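Please consult the sequence and the model alongside the text.

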Amino acid sequence: MSLPSEMTAIEIAEPGGPEVLTPVTVPVPEPGPGEVLIRVAAAGVNRPDVVQRQGLYPAPKGASPLPGLEVAGTVAACGAGVDGPAPGDAVTALLAGGGYAEYATAPAAQCLPVPQGLSMEQAAALPETFFTVWSNVFDRASLTEGESFLVHGGASGIGTTAIQLAKAFGAKVFATAGSAEKCAACEELGARAINYREDDFVEILKAETPGGADVILDMVGGDYVQRNISACAPDGRIVFIAFLAGSKVEVNLMPLMLKRLTMTGSTLRPREVAFKAAIAENLRAHVWPLIEAGRIRPLIDSSFSLAEAAKAHELMESSAHMGKIVLRV
Ligand SMILES: NC(=O)c1ccc[n+]([C@@H]2O[C@H](COP(=O)([O-])OP(=O)(O)OC[C@H]3O[C@@H](n4cnc5c(N)ncnc54)[C@H](OP(=O)(O)O)[C@@H]3O)[C@@H](O)[C@H]2O)c1
């Protein structure tokens, strides 16, 4: 297949609001050793893209400066040393950047097949949240069958993935969200939803579990840090993946010691390819069969054309969406 030399992509013209997302014509990237070039059919939009656009989350060294952490499409070319996937294969891939474009390169080890039964738009909504949730909830926090799990921001892209995965692996799932509609979406996915504007998640976890949550996945921080400690069961694990309400807090750590809690956190994007490849292998073995069996589905809120990337960001920043926002390329 002959490849064009140029493509349309969305660049961040300068740090700012959604309007700085600008369509530009740039060279089609070349796949390096161990990488594939993907003709993008759809690209996922994530909150970290918004933070990058604001100038607060620069692309890691060596990554494309274009936004976009996940795509689905067809392999168009392979770099040296790639023994799969092959040209023509339909893949979904985790990227360190560059997804808002007609073509994107990805390490072959960060590609997974488009699950049978899923559209390209659905497949593009998988990598960022599935890699993040698997890595933090199962690898880092060791959530196991029969344990209680609490995720904040339950109706977010991350939240809707976390609810479904924790449920599928036998946890009792609680999720907080900020409206009745968002709570209904969380319940539909299998969570006991808590409207944080009306109810106190600490009280509910204490009342409805033997000792509290065994694992908490938090993207809020702020005053949730102390309340997470209160809501945790003995030997519980709290994992932070963002601090939407602030990362600087004063905390009474006494209960951390008395309940033997673990507080941890991580960011996926700057991690090395081998780390992400190991997550990909676990997803392929343990999660892709559940998706193909129809037990887990990415929840798609809405899709926009690539040229409407600014509208997609406006929606994300309004927090009116539930689940994922996707760009059609
Ligand atoms: N560490 C990592 O590796 C990693 C990887 C991916 C994503 N993340 C982070 O995970 C979070 C979720 O990402 P996403 O793409 O799933 O985002 P998203 O779909 O935009 O969801 C964010 C949700 O958080 C809730 N929220 C609570 N407090 C908030 C506040 N102070 N400001 C704004 N929203 C608030 C909102 O729901 P309510 O209306 O219910 O409050 C909002 O819908 C983001 O912060 C992102 O940066 C981290």
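## Backbone features

R260 is partly exposed, having a relative accessible area of 49%; buried means under 20% relative accessible area, exposed over 50%, and partly exposed in between (1.4 Å probe, protein chains only). This residue sits in the loop between α8 and β13 (262-265); helices (H or I, at least four residues) and strands (E, at least two) are DSSP runs, numbered from the N terminus. R260 is not a glycine, yet its phi is positive, at about 55°. Most residues other than glycine have a negative phi, and most peptide bonds are trans.

The model is predicted, and local features need pLDDT of at least 70, side-chain atom pairs count only at pLDDT 80 or more, while totals for chains, interfaces and linings use all residues. Residues are numbered from 1 along each chain as its sequence is written, and side-chain values use heavy atoms, with hydrogens and water left out.

D235 also is not a glycine and has a positive phi, of about 65°. Strand β12 (residues 232-240) contains D235, which is partly exposed at 40% relative accessibility. A cis peptide bond, with omega of about 0°, joins G84 and P85. P85 is placed in the loop between β4 (70-78) and β5 (90-94).

## The ligand and its surroundings

The ligand is surrounded by 23 residues, and the closest are R47, I158, K182, Y196 and L268; a residue is counted here if one of its heavy atoms lies within 4 Å of the ligand.

A backbone N or O atom of G157 lies 3.0 Å from a ligand oxygen atom, and for a backbone N or O atom of I158 the distance to an oxygen atom of the ligand is 2.8 Å. H321 contributes a polar side-chain atom, 2.8 Å from an oxygen atom of the ligand. Taken alone, the ligand exposes 920 Å², of which the protein buries 86%; accessible areas come from the Shrake-Rupley method with a 1.4 Å probe, and for residues only the protein chains shown count as cover.

## Aromatic pairs

The count of aromatic pairs comes to 6. Rings of Phe, Tyr and Trp (its six-membered ring) pair if their centres lie within 6.5 Å; planes under 30 degrees apart count as stacked, over 60 as edge-to-face and the rest as tilted. W134 and F169 form an edge-to-face pair, 5.7 Å centre to centre with 75° between the planes. W134 lies in helix α3 (residues 127-140) and F169 in the loop between α4 (157-168) and β9 (172-177), so this pair ties together parts that are 35 residues apart in sequence. W134 is buried, with a relative accessible area of 7%, whereas F169 is partly exposed at 27%.

The ring centres of F138 and F169 are 5.3 Å apart and the planes stand at 65°, so this pair is edge-to-face. F138 lies in helix α3 and F169 in the loop between α4 and β9, so the pair ties together parts 31 residues apart in sequence. F138 is buried, at 12% relative accessible area. Ring pairs link W134, F138 and F169 into a cluster.

Terms used
Polar contact = N/O pair within 3.5 Å; in protein donor to acceptor, adjacent residues only side chain to side chain.
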